[in-house]
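Let's take a walk through a protein model together.

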Amino acid sequence: PKGGTGKTTIAVNLAAALAAAGKKAAIIDLNLDCACVTLFLDMQAKDTVAELSQERGTLTMEALRAYTVQHYSGLTVLAGPNSPEDGEFVQPRSIEAAIAVMRPFFDCIVIDLPANFEEHTLTAIENSDAVLIVLAPDIASVKAAHTTMTILDSLRMSEKAKFVFNKNAKNAFLGVKDVKKALGREPDFVLPLDGLTADKCQCIGRPIVAEASRTPLARALRDMAKEVLG
């Protein structure tokens, strides 16, 4: 629900960890204004979810594959638009159709969502089995997480929600206990702060779980991926 919490980094690494574990994994980038999934994976995509939305007729997996790119890990990537203008072509019904077509062919589909509740975001949430609400150790993140739960509860989808407390550090002003007190429950997942590793991996376009596989952050991401899939 809030920018800067690490949503895209977590989404990319969850998907990459699953692919590396031999699972059939895919990631869809629905950040229509500023898509970064391919950037974080050092990839380029000619066709994106924007071009897919212009597909006419009944969508099949064979047709959809023409709009995806393959990462070296085996991860299938449906990239976000190359520009905000292209993002205007993305229709919620296309998103719903893409998820429905992909679902039988993959063990897990990770969807990276923007920090809003526009129609395409809600469509993705409605068609997902789990919703990961990412928050960092700052009061704005906690407030945004609380607001998100209120919205999901009003839509009767709060049972899908899991909290991911990212960038946890011993010297942080807000810790796990504070999050539990504010949200009424403990975070389902806690990821340690390792800004240097995260920044490096973003800059070189390599997943943390591959480039820095022995770090505590990589181990936490792999454990999270296993639990999400399980």
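## The big picture

First things first: this is a predicted model. The protein chain is built with twelve helices and seven strands. Picture a box of roughly 55 × 40 × 35 Å, set along the principal axes, and the C-alpha atoms of the chain fill it.

How does the radius of gyration sit with that of a compact globule? For 230 residues, a compact globule would come out near 17 Å, and the chain has 17 Å, so the two agree. Of those 230 residues, 50% count as buried. Now look at contacts between residues with a separation of 6 or more: 73% of them join residues 24 or more positions apart.

In soluble globular proteins, nonpolar side chains tend to be buried together.

In this model, the largest nonpolar core has 37 residues. Leu-30, Leu-64, Ile-133 and Leu-135 are the ones with the most contacts inside that core. Helix α6 gives the most to this core, with five residues. There is also a second, separate core of 35 residues, and its members include Ala-17, Val-37, Ala-218 and Ala-225.

Once you leave aside neighbours within four places in sequence, Leu-64 is in contact with Leu-52, Leu-59, Ala-98, Val-101 and Met-102.

## A closer look at helix α6

Helix α6 covers residues 92-102. Which of its residues are buried? They are Pro-92, Ser-94, Ile-95, Ala-98, Ile-99, Val-101 and Met-102. These buried residues pack against quite a list of elements: β1 (25-29), α3 (49-52), α4 (61-64), β4 and α7.

## Hidden holes

How do you find gaps inside a protein? Rolling a probe the size of a water molecule over the atoms shows where empty space is left. A search of the whole structure turns up two cavities of 30 Å³ or more.

The largest cavity has a volume of about 60 Å³. Its lining is made of Thr-9, Val-12, Asn-13, Phe-40, Ala-198, Cys-201, Gln-202, Arg-206, Pro-207 and Ile-208. Sorted by class, the lining has six nonpolar residues, three polar and one charged.

The second largest cavity holds about 30 Å³ of space. Around it you'll find Ile-28, Leu-30, Val-49, Leu-78, Ile-95, Ala-98, Ile-99 and Ile-111. Its lining has eight nonpolar residues, with no polar and no charged ones. Helix α6 turns up again here, giving the most to the lining with three residues.

## The largest pocket

Next comes the largest pocket, with a volume of about 810 Å³. It is lined by 35 residues, and the closest to its centre are Ile-111, Ser-128, Ala-130, Val-131 and Leu-132. Ile-111 also belongs to the lining of the second largest cavity.

Which elements each supply at least two residues of the pocket lining? They are α1, β4 (108-112), α7 (119-126), β5 (131-135) and α12 (216-229). By class, the pocket lining splits into 23 nonpolar, five polar and seven charged residues.

Start with Thr-148, which is in helix α8 (residues 139-154). Is Thr-148 buried or exposed? Its relative accessibility is 5%, and the cut-off for buried is under 20%, so Thr-148 counts as buried. Not counting residues up to four places away in sequence, Thr-148 touches Pro-1, Phe-117 and Ile-133. Ile-133 is one of the residues with the most contacts in the largest core.

Then there's Thr-123, in helix α7. Thr-123 counts as buried because its relative accessibility is 8%. Its contacts, leaving aside neighbours within four places in sequence, are with Pro-92 and Glu-96. Pro-92 is among the buried residues of α6.

Finish with Asp-33, in the loop between β1 and α2 (37-40). With 61% relative accessibility, Asp-33 is over the 50% cut-off, so it counts as exposed. For a sense of distance, find Gln-54, which is 21 residues from Asp-33 along the chain. The C-alpha atoms of Asp-33 and Gln-54 are separated by 18 Å.

Definitions and conventions:
Residues are numbered from 1 along each chain as its sequence is written. This is a predicted model: local features need pLDDT of at least 70, side-chain atom pairs count only at pLDDT 80 or more; totals for chains, interfaces and linings use all residues. Side-chain values use heavy atoms; hydrogens and water are left out. On a 1 Å grid over the protein atoms alone, a cavity is a set of points where a 1.4 Å probe fits but cannot get out, and a pocket is an open set with protein on both sides within 12 Å along at least five of seven lines; lining residues have an atom within 4 Å of a point. Grid points are joined across faces, edges and corners, and a volume is the space filled by probe spheres set on the points. Ala, Val, Leu, Ile, Met, Phe, Trp, Tyr, Cys and Pro count as nonpolar, Asp, Glu, Lys and Arg as charged, and the others, Gly among them, as polar. Helices (H or I, at least four residues) and strands (E, at least two) are DSSP runs, numbered from the N terminus. A nonpolar core is a set of buried Ala, Val, Leu, Ile, Met, Phe, Trp, Tyr and Cys residues joined through side-chain atoms within 4.5 Å. Buried means under 20% relative accessible area, exposed over 50%, partly exposed in between (1.4 Å probe, protein chains only). Contact means heavy atoms within 4.5 Å. The radius of gyration is taken over C-alpha atoms; the globule rule is 2.2 Å times the number of residues to the power 0.38.
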